[in-house]
Each structure stands twice: as C-alpha cells, then as structure tokens.
Amino acid sequence: MLRIAVPNKGTLSGPAAQMLQEAGYRQRSDPKDLLCRDVANDVEFFYLRPRDIATYVGSGDLDLGITGRDLLIDAESDAEELLDLGFGKATFRFAAVPGSLKGSEPGDLAGLRVATAYPGVMQRYLAEHGVTAEVIRLDGAVENAIRLGVADVIADVVETGATLRQAGLETLGEPILRSSAVLIRRAGSDTGNAGFKQLLRRLQGVLVARRYVMLAYDVRADSLDAAVALTPGIESPTISPLHREGWVAVQAMVLREEMHRIMDELYDVGARAILVTDIHACRL
C-alpha cells in the first residue's frame, strides 16, 4: 500500500486535499483524523505538520508527500521534488530598515545577523553565494527581530509586503526562493510501482485540466484552416461535418488564460456557436 503524507493544517492543507479528491482519491471527512485509508486505490494518507513531511519522506518511513518547496529545502532531508503542484505559491525575500545596508547584493550580507524561520533555506542561499553571516532561527514574528535588536536583516515569506511595511521594513534585492506546493519522494527511491505511476499520472491530469478548457465551435469549411491555426489543440483538433452543408464542428483544448482572446479571434474569422466547457479530469 502506497503511504503518502499530506499537510494536516495551514495554507497547503485544503488545496492538497482538494487536488487529491480531483484525482480520484478518498480524503478524510474529519479534520481531526490523522489517517485516511483509500482501499480502492491501495493508498494510505497520513496527515502531518507540513514542516515534518520532508523528514518522514526523506527517512523512507513514507513513500511520498505533499509540502512546500521552502519546507523541503529547509528540512535538509534526503527527500527530493518530483512534481510542482501549482498551488501554495510564496516568495521568500530579505527585508531590512530602509537605508540600513550598504546594498542589496548577496555579498552585502557578510558579517550580518539574519533572522528567519527557515534556517535551512538561508544556510543554502549563503553557501551558494559564498557569504558568511550569522543565521538566527526564530519560530515566528520575524518582523520584530530588527526592532528588538536581535538581527540586522530578516528573511521571510512575503506576499503583499504590508506586514513588513507596518514594521518599518522594506524588501531587498531579488527573491531568495519562489516556492509552491510540491510532490516529494525519498531521493533515489524506486517509484516504478503501479500505485505511484497511477498517482503521478492522475495529478498530472488534474494540473492539465486546471490549465486548459475545451473549446467547441462551428465554422465554414473554407475558413477551417484559419480557425484551426488558432486552436491546434494538444495533438490535433477534432473536426466533424455538420448537417448544414459547407460547415464543420471543431473541438480543441486551449489554455484557460487565452480562451477569451481565442474566442474573439475565432469570431472574426467566421466561427459561430463558440462554447467553452471546463475539463474535470484528463489523461494525455
């Protein structure tokens, strides 16, 4: 039975469970449950703290897990990323009092104290840039570290930056890390069994279904080439003759973010009855 770790709470918990449900897997009905067994798919889901998931997967006690890329790196475990799941996006950045540093390059951190709740991420960043600085681990309220004299700079997850501005801080330089939810496994582990392949294929299908929509329209046969140029589909569009002579029906997958532009351009080349439907699941 495949053993998979899922975040038990926090911003990753709900979207992770939703994606697994869309992929056809049973999830817990009570948020207090720590285990959910999906007998039909031969999978067990363990609900754990997001910070602990990489540790359990890296040790081999669990086969796979869903956690944040930032938490994976911070754990410094033997787990590795397999698939970006596209939700839980976050940006990890430096912040300091305006004008307090010489500059915003990595080398400007040399000799400074950096407070963060992600010491593993910070240590890796400093090592990659050959910079020596003191990393101070805090569990929360990192924004107060500079005001209280604990640190010179902080490194934290930044969304809008409003909390930093309230603390009298501003972001510095380029982002340290862009994070999102990822599927992880133990580095080098054998993931060739049928259960793993099914899970990966299903999750990839959900990702595609979320990015694409199915576009259907009618168009005159003499305008078909122009219309198909706008909707080439994944492999090729489906084209069927209509009862109305000289007209055909076309179906093709298009990117959700481009559907309105494509619909406008299809109308301009003579397409009519242009319809869009969601894709709930797919296998490509």
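Analyst: The chain carries 31 positive and 39 negative side chains, and the centres of the two sets lie 3 Å apart. Lys and Arg count as positive and Asp and Glu as negative, with His and the chain ends not counted, and each charge is placed at NZ of Lys, CZ of Arg, CG of Asp or CD of Glu. This is a predicted model, in which local features need pLDDT of at least 70 and side-chain atom pairs count only at pLDDT 80 or more, while totals for chains, interfaces and linings use all residues. Residues are numbered from 1 along each chain as its sequence is written, and side-chain values use heavy atoms, leaving out hydrogens and water.

User: How do you know how the radius of gyration of the chain stands against that of a compact globule?

Analyst: The radius is taken over C-alpha atoms, and the globule rule is 2.2 Å times the number of residues to the power 0.38. For 284 residues a compact globule would have a value near 19 Å, but the chain has 24 Å. The C-alpha trace spans about 80 × 50 × 35 Å along its principal axes.

User: What makes a residue buried, and which residues of helix α4 are buried?

Analyst: Buried means under 20% relative accessible area, exposed over 50%, and partly exposed in between, with a 1.4 Å probe and protein chains only. In α4 (residues 119-128), P119, G120, V121, M122, Y125 and L126 are therefore called buried. Buried residues make up 46% of the 284 residues in the chain.

Methods. Helix = DSSP H or I, 4+ residues; strand = E, 2+ residues; numbered from the N terminus.
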